[in-house]
2 protein chains.
Amino acid sequence: METITSTTPTTSVISSQDLLAHWQGHRGLTRRVIEAFPEKELFEFSIGGMRTFYKMVQELLMLAAPGVKQIADGTVPQLSEELYQANSKEELLSLWDAQTTAMDQDWGLIPDQKFQETILAFGAYEGSVISTVLYYIDNEIHHRGQGYVYLRALGVTPPNFYER
Amino acid sequence: METITSTTPTTSVISSQDLLAHWQGHRGLTRRVIEAFPEKELFEFSIGGMRTFYKMVQELLMLAAPGVKQIADGTVPQLSEELYQANSKEELLSLWDAQTTAMDQDWGLIPDQKFQETILAFGAYEGSVISTVLYYIDNEIHHRGQGYVYLRALGVTPPNFYER
């Protein structure tokens, strides 16, 4: 995991609330990508030996709300995608939506100065809180971009990247 | 393009210099993804009617250094990928490296308070400076993730996402 050597911030380039809004905007787009998948292919299709998009979404669910909760209250989450199981697209979207609500609530508990502190994310990855949050967001964009290729390969037009 | 409704930042969650380091870390990874492509496939391979990875990199070159220069000194760049042509992987990497240097120089000219101002990026996309910068970074992660699928489909192991 990336480590940012933190300089002492003077004027902020982004506020905590804007960063959450930015992430939730991305999560709304990822939700639409999940919705765009045909039910069967969500759980079965892949390219080049990679994971299915369902398995990538399991990783995103493992990191997002549990990752934010750890930052908010110190609860160390388990590093196991298998905790986030769905048997249908509808079930997967329900898990997604529950995390959206939980993240909004837990984020409000994080004081601004916390972002420059060091955290051992999931009991395994040391870094500043801000670099950890950016990792969770960037990892979502990375895998969602892969989902776009799966959709195109399946002949499905994905949602526009710039619409949040 | 996404618009963030800016709240007045109090304590910073990330400094301007850390944000640049974050972006340049991503750009270093994207450089290694370009390097990982076989020469011919960089310019010819695609999946599902999408662009080649070369054409995606042209878009990244159009946005990155020219986008930062506009924020730094107001120069409105042209919205044309065709300005960034390379006939080989080596030429493409040279264009990439020249932008890395230019971005470091121009970024230093951007005062912290600038990030909350409104900009008409490329004369076409209105938003706050911070949301515009995040768009450039996120767009790079998105297309690089697609490059990972191309590499896997070609039987090439891509560089680790978490190494910057």
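Which helix of chain B gives the most to the lining of the second largest cavity? The model looked at here is predicted, so local features need pLDDT of at least 70 and side-chain atom pairs pLDDT 80 or more, while totals for chains, interfaces and linings use all residues. Residues are numbered from 1 along each chain as written, chains are lettered from A in the order written, and side-chain values use heavy atoms, with hydrogens and water left out.

As for the opening question, helix 3 of chain B comes out on top, with three residues (helices are DSSP runs of H or I, at least four residues). This second cavity has a volume of about 30 Å³; a cavity is a set of points on a 1 Å grid over the protein atoms alone where a 1.4 Å probe fits but cannot get out, and lining residues have an atom within 4 Å of a point. Volume here is the space filled by probe spheres set on the points, which are joined across faces, edges and corners. Its lining is made up of Trp23(B), Leu60(B), Leu63(B), Ala64(B), Tyr136(B) and Glu140(B).

The largest cavity has a volume of about 110 Å³. Among the 15 residues lining it, Leu19(A), His22(A), Leu134(A), His22(B) and Leu134(B) are the closest to its centre. Helices 1 and 5 of chain A and helices 1 and 5 of chain B each supply at least two lining residues.

Then there is Ser16(A), in helix 1 (residues 16–36) of chain A.

Technical notes. 1 Å grid on protein atoms, 1.4 Å probe; cavity = no way out; pocket = protein on both sides within 12 Å on 5 of 7 lines; lining within 4 Å.
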